[in-house]
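Trainee: Please take one loop of this model and look at it closely. Then place it in the rest of the chain.

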Amino acid sequence: MKNMTYKKVLFYKNYNARIRYSEEDGFLVGHIMGVKDIVGFHGDTEKEIKAAFHEAVDDYLDLCHHIGKKPQKPRHRVPVSPEAFATAQAAAEIKGTNVERWVSNTLRRAAGS
């Protein structure tokens with residue numbers, strides 16, 4: 001769709017979705033990220049898009065169960081070089097936290113959320 005601007009990211013049952021606003025169509029559009037299966041949804045308000053996302057995830061999981069397919073899960077691992085990991089680990093120690101929490105917080109800040 002044309003004229004789509006970034007809106008936000010939602011999380012539910014270990015799935016996440018990118019939400020965009022389509023100026024052309026006048027509603028919010030979302031797609032589950034990190035899986036090859038295409039799962040989309042839409043709504044007019046933030047409340048509707050959140051409910052539509054939850055319904056889309058639940059429907060996806062139900063469909064997979066019904067047809068005997070293992071649902072895809074988003075990958076949450078980010079491969080980094082040993083040097084980058086060591087640098088992150090040292091930064092985490094300086095901050096008094098573990099490397100997983102430090103990386104998570106750093107990624108959130110970098111993504112603006």
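**The loop around Asp 37**

Mentor: Asp 37 sits in the loop between β3 (27-33) and β4 (40-43). Strands (E, at least two residues) and helices (H or I, at least four) are DSSP runs, numbered from the N terminus. This is a predicted model: local features need pLDDT of at least 70, side-chain atom pairs count only at pLDDT 80 or more, and totals for chains, interfaces and linings use all residues. Residues are numbered from 1 along each chain as its sequence is written, and side-chain values use heavy atoms, with hydrogens and water left out.

Start with the neighbours. Asp 37 touches Tyr 60, Lys 69 and Gln 72, leaving aside residues up to four places away in sequence. Contact here means heavy atoms within 4.5 Å. The side chains of Asp 37 and Tyr 60 make a polar contact of 2.6 Å. Another polar contact, of 2.8 Å, links the side chain of Asp 37 to that of Lys 69. A polar contact is a pair of N or O atoms within 3.5 Å; within protein, one must be able to donate a hydrogen and the other to accept it, and residues adjacent in sequence count only if both atoms are side-chain atoms.

Now the salt bridges (a side-chain nitrogen of Lys or Arg within 4 Å of a carboxyl oxygen of Asp or Glu). The count is 2. Lys 13 pairs with Asp 58, the closest N and O atoms being 2.8 Å apart. Lys 13 is in the loop between β1 and β2 (15-22) and Asp 58 is in helix α1, so this pair ties together parts 45 residues apart in sequence.

Next, the end of a later helix. Asn 98 caps the N-terminal end of α3, with a side-chain oxygen 3.2 Å from the backbone nitrogen of Glu 100. Gly 112 follows α3, and its phi is positive, near 80°. Gly 96 follows α2, also with a positive phi, near 75°.

Last, confidence. pLDDT is the predictor's confidence in each residue, from 0 to 100. The protein chain averages 85, and 92% of the residues score at least 70. Among its elements, α1 has the highest mean pLDDT (94) and strand β1 (residues 4-12) the lowest (71).
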